[in-house]
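Okay, thanks for having me, everyone.

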Amino acid sequence: VIVLEAKDRTGGRVWDDKTFQGVTVGRGAQIVNGCVNNPMALMCEQLGIKMHKLGEKCDLIQEGGRITDPTIDKRMDFHFNAILDVVSEWRKDKTQHQDVPLGEKIQEIYKAFIQESGIQFSELEEKVLQFHLSNLEYACGSNLSQVSARSWDHNEFFAQFAGDHTLLTVGYSTVIDKLAEGLDIRLNFPVQSIDYSGEEVQVTTADGTVWTTQKVLVTVPLALLQKNAIQFNPPLSEKKIKAINSLGAGVIEKIALQFPYRFWDSKIQGADFFGHVPPNSSQRGLFSVFYDMDPEGKQSILMSVVTGDAVTTIKNLDDKQVLQQCMTVLRELFKEQEVPDPVKFFVTRWSKDPWLQMAYSFVKTGGSGEAYDIIAEDIQGKIFFAGEATNRHFPQTVTGAYLSGVREASKIAAF
């Protein structure tokens with residue numbers, strides 16, 4: 001097996017930053033969703049890697065520094081989930097053609113509820129609801145106006161991994177480096193075309209090298225398939241292209257900041273993360289959650305995410321400007337004290353990375369979970385496809401990407 005990797009490193013959307021003292025910060029994936037029987041958790045066990053169980057506690061802090069009364073959060077969380085329950089009811093008898101954007105459907109249900117119940121939400125309650133919406137945009141990797149109301153959580157129809165969500169403190173690259181041992185991996189070899197018209201498959205890389213092989217496994221991100229970054233000959237079928245374009249290439253960005261000391265400790269009291277109540281809907285998704293990256297409480301590193309429309313907001317800002325916006329938010333949340341300047345930071349630019357261009361997939365309005373299966377179909381027993389956007393049961397996750405590889409490997413071995 002020869003692995004042709006376009007980038008100068010392995011791992012793709014797993015990219016660990018080890019330049020922060022004492023802590024690994026994943027620029028991409030770093031959380032394991034549900035550890036029971038999860039192959040990632042099993043591999044960690046085999047490697048003797050400890051994971052940190054993420055706690056439930058997440059205080060929502062308002063700009064101005066107040067911690068939101070937990071009963072308000074509970075109440076709005078209840079309403080938010082009730083709205084999603086109504087979406088589930090609505091979609092039961094709907095076809096793909098009757099699909100609408102999830103954001104639109106949520107608005108409509110919310111307005112109807114307020115009219116029919118006569119309940120008035122306070123300004124703070126409205127903002128807390130926006131926080132929960134930003135969390136949903138984080139899960140989808142997209143603004144909700146792009147997402148399918150009918151199929152946004154299509155994979156929930158299949159059993160998901162149970163158990164704790166954990167932070168892989170040493171980073172996923174530890175596992176990937178182990179899996180890469182002894183493999184023939186060629187870095188900086190972007191594939192330009194795959195010609196499977198003859199007996200053998202010919203793969204041409206950017207430097208003009210032609211690689212001749214029996215079988216090819218394509219694991220490029222969905223965004224690259226959508227942009228025809230690889231020329232297939234014969235071209236991909238109409239059905240496959242339609243499936244590729246019916247999914248969305250979701251983007252989230254991260255910012256990590258190292259501080260001279262842990263200014264948040266007394267307020268957060270040992271929680272793994274805290275939330276930021278957006279001052280208005282236009283600020284939704286701009287640093288909505290902050291993770292404490294050192295569960296042992298020794299290092300002073302926070303990581304936050306940018307989701308939904310906020311991704312577009314920061315796209316044209318430089319790193320310093322993004323940092324300034326983030327610091328403005330942190331100083332609002334900890335207004336009662338001095339918040340020091342960070343000694344080090346990074347801002348990810350997944351959307352601008354030519355060989356990635358995304359975080360993870362989602363189902364666009366009018367699409368369905370079946371698209372994952374169609375993208376996964378092999379062509380003539382020669383061309384195979386893997387990656388999170390080919391795994392209908394576990395999309396959007398490292399586990400899903402890994403399992404899709406295992407699935408294709410067994411198909412290839414059987415041919």
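So, start with strands β16, residues 273–277, and β17, residues 286–292: three bridges join them, and they run antiparallel. For a landmark, find F274, which stands opposite F290 in β17. And keep in mind that what you have on screen is a predicted model.

Now zoom out a bit. What is the order of the strands in this open sheet? Reading across, you get β6-β16-β17-β18-β15-β19, so six strands, with mixed pairing. The edge strands are β6, at 60–62, and β19, at 344–347, and each of those pairs on one side only. If you compare neighbouring strands here, they are turned against each other by 20° on average, ignoring direction.

There's a helix on this sheet too. Helix α10, residues 319–333, packs on it and touches β6, β15, β16, β17, β18 and β19. Its direction makes about 75° with that of β17.

Let's stay with β18 for a moment, residues 301–306. On one side, β17 and β18 pair in the antiparallel sense over four bridges. Look for D292 there: its bridge partner in β18 is L302. Then β15 and β18 also pair in the antiparallel sense, this time over six bridges. And here L302 turns up again, with L257 standing opposite it.

Is β18 buried or exposed? Six of its six residues are buried, so this strand is largely enclosed by the rest of the structure.

Most residues other than glycine have a negative phi, and most peptide bonds are trans. F287 is also buried, with a relative accessible area of 0%.

There's another positive phi at Q396, near 70°, again in a residue other than glycine. Q396 lies in the loop between β21, at 383–385, and α12, at 398–414. At 27% relative accessibility, Q396 counts as partly exposed.

And which peptide bond is cis? The one from N233 to P234, with omega near -5°. You'll find P234 in the loop between β13, residues 231–233, and α7, residues 238–246.

Take C35: the nearest cysteine sulfur belongs to C44 and is 8.0 Å away, while the cut-off for a disulfide is 2.5 Å, so C35 is in no disulfide. C35 counts as buried, at 17% relative accessibility. C140 is in no disulfide either, and there the nearest cysteine sulfur, from C58, is 18 Å away. C140 is buried as well, with a relative accessible area of 4%.

Next up, empty space. Rolling a probe the size of a water molecule over the atoms shows where empty space is left. The second largest pocket has a volume of about 400 Å³. It has 21 lining residues, and the closest to its centre are A249, G250, V251, V311 and K315. Elements giving two or more residues to that lining are α6 at 222–226, β14 at 247–250 and α9 at 310–315. The largest share, four residues, comes from β14.

Then there are cavities. The structure holds one of 30 Å³ or more. About 70 Å³ of space lies in the largest cavity. Its lining has 13 residues, and V220, L222, A386, A389 and T390 lie nearest its centre.

One last stop: D177, in helix α5, residues 173–180. How far apart are D177 and T10 in sequence and in space? They're 167 residues apart along the chain, but 8.1 Å apart in space, C-alpha to C-alpha. D177 itself is partly exposed, with a relative accessible area of 42%.

That's my tour, so over to you.

Conventions: Residues numbered from 1 in each chain as written. Predicted model: local features only at pLDDT ≥ 70, side-chain atom pairs only at ≥ 80, totals over all residues. Heavy atoms only, no water. Buried < 20%, exposed > 50% of the residue type's maximum accessible area, 1.4 Å probe, protein only. Pairing = 2+ DSSP bridges. Axes fitted to C-alpha atoms, helices over the stretch in contact; angles between N-to-C directions. Contact = heavy atoms within 4.5 Å. 1 Å grid on protein atoms, 1.4 Å probe; cavity = no way out; pocket = protein on both sides within 12 Å on 5 of 7 lines; lining within 4 Å. Points joined across faces, edges and corners; volume = space filled by probe spheres on them.
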